[in-house]
Amino acid sequence: MMDDRTQVIIVGGGLAGLGVAHALGGRGVSCVVLERGLMHGSSGAMPRGRDSDLRQTAVSYGSQQLMTSWGVWDEHLASAACKMTSICVQDGGDSAKTVFSAVEHGYERLGSIIAQSLLREGLARGLSRHSSVRVIEEAAIKTMTRGADGVEVVLEQGTVRGAVVVAADGRCSPIAQGASLGYYTYDYGQQAVVAVMAHEKPHEGLACELFLPQGTLALLPMADDEAGRHRSSLVWSLGHEAAQAMLACSDDIFAEQVAYYSESLFGPMSLVSKRQTFPLTLTRAGAYVGDRLALVGDACRSLHPLAGQGINLGWRDGEALAKVIHEAHTLGLDCGTQAILRRYEKARYADSLALMAATHGLNRLFAHRNPLSVAFRRCAVRMFAQVMPLQQKMMRYGMGMSA
Ligand SMILES: Cc1cc2nc3c(=O)[nH]c(=O)nc-3n(C[C@H](O)[C@H](O)[C@H](O)COP(=O)(O)OP(=O)(O)OC[C@H]3O[C@@H](n4cnc5c(N)ncnc54)[C@H](O)[C@@H]3O)c2cc1C
């Protein structure tokens with residue numbers, strides 16, 4: 001039976017957990033990642049059950065730089081990613097729109113769009129570079145004890161001891177709840193319908209976001225497929241009934257509906273993938289740290305995907321936490337104490353709250369149909385199109401460059 005001693009025990013080998021492991025490993029801090037699924041090292045498969053995840057992720061410019069510094073953004077990921085050079089935000093049914101253009105503001109791209117599954121593969125593959133990082137797959141946690149001197153996790157495979165446990169186990173983390181950190185949750189009463197659409201016209205790096213009365217429809221640019229078809233990833237937030245209807249209709253009707261509601265921006269469309277749905281809720285942990293415990297990624301908070309910022313925030317969590325732990329470690333301090341971990345919480349508070357408020361506020365604003373709200377938001381969209389400094393500020397924030 002294994003008996004492992006380490007500094008940090010990370011529970012969850014998703015995008016956030018793997019990000020923390022890179023941030024710690026790059027600083028030489030020892031950690032063990034416990035993943036209940038499977039990850040196949042160099043061949044880069046991801047945790048079991050995720051291999052059919054159709055989601056594409058908008059990786060901000062800042063996150064791409066962070067991943068480059070972790071040594072993760074390699075040739076493989078770079079060649080699979082599609083450059084996002086502009087974003088068009090439009091109130092459906094109105095001609096007013098705001099276009100955020102990278103080139104106009106002196107940047108080459110706003111970010112990149114890449115499959116979540118490939119990101120996981122890339123992050124998992126890169127871990128072999130860090131001798132201080134170990135991954136335990138199919139980890140079945142039997143007990144976890146957080147005591148005055150450290151944390152002890154008993155698995156079916158053996159025991160792991162460390163100074164601090166990082167909960168990277170996703171939305172409404174059972175580990176955080178087991179430590180009595182409660183969650184605030186808001187159910188949007190919506191599901192995100194996700195699919196890959198082929199279309200006649202090239203997208204030229206344009207992502208579009210249409211705020212429709214039924215919900216937000218986003219098309220994110222993807223690389224052309226082997227047959228040369230232009231493609232975009234669809235994320236359409238719809239009420240439960242409408243989402244079910246979009247799952248049940250034929251491929252042709254589905255494609256017609258998406259083309260119709262996206263105002264034929266990219267011409268006629270066809271569906272070239274399965275369709276998947278994801279429930280949409282806003283969640284926020286009452287605190288990001290506890291005794292010998294720190295939360296990262298969706299365990300801290302999960303957002304409506306309309307701004308494509310969830311894991312971008314999660315990676316910033318990972319980097320900030322690794323910095324605090326490394327500093328404590330270098331000074332010979334116990335990195336699991338609340339005094340040390342509160343520094344991490346403080347560092348992440350403003351960024352996290354700002355994005356939660358922005359995505360939730362936007363979602364609520366565009367959900368209203370009364371004439372006053374409609375007039376107000378159309379005014380706001382027009383104002384954003386005109387006021388360059390405001391646009392620049394928003395854009396830099398979305399790019400993860402001023403967080
Ligand atoms: C439709 C949609 C589109 C999105 N688009 C974007 C986007 O464009 N850009 C963006 O930044 N974000 C986006 N997001 C958000 C992003 O997907 C999430 O923020 C991200 O996946 C969260 O990663 P995580 O590692 O924190 O959690 P998870 O992905 O939930 O991973 C948790 C991991 O922990 C493991 N685990 C759980 N419990 C245990 C246990 N007890 N022991 C061991 N392992 C355990 C699980 O197996 C899993 O691997 C989107 C979300 C949705 C729903």
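## Ligand shell and overall fold

Helix α8 contributes the largest share of the shell around the ligand, namely 4 residues. The model under discussion is predicted. In total, 33 residues surround the ligand, and the closest are G12, G14, G170, G297 and G310. Two or more residues of this shell are supplied by each of α1, β4 (56-60), β14 (183-199) and α8 (310-330). The composition of the shell by residue class is given below.

| Class | Residues in the shell around the ligand |
|---|---|
| Nonpolar | 15 residues |
| Polar | 13 residues |

Leaving aside residues up to four places away in sequence, A23 touches W70, G318, E319 and A322.

As to the whole protein, the fold comprises 11 helices and 22 strands. The C-alpha trace spans about 60 × 45 × 40 Å along its principal axes. The radius of gyration is 21 Å, which agrees with the value near 22 Å that a compact globule of 403 residues would have. Of the 403 residues, 47% count as buried. Among contacts between residues at least 6 apart in sequence, 74% join residues at least 24 apart.

Definitions and conventions
Residues numbered from 1 in each chain as written. Predicted model: local features only at pLDDT ≥ 70, side-chain atom pairs only at ≥ 80, totals over all residues. Contact = placed C-beta atoms within 7 Å. Near = placed C-beta within 6 Å. Nonpolar A, V, L, I, M, F, W, Y, C, P; charged D, E, K, R; others polar. Rg over C-alpha atoms; globule rule 2.2 N^0.38 Å. Buried ≥ 20, exposed ≤ 12 C-beta atoms within 10 Å, placed from the backbone.
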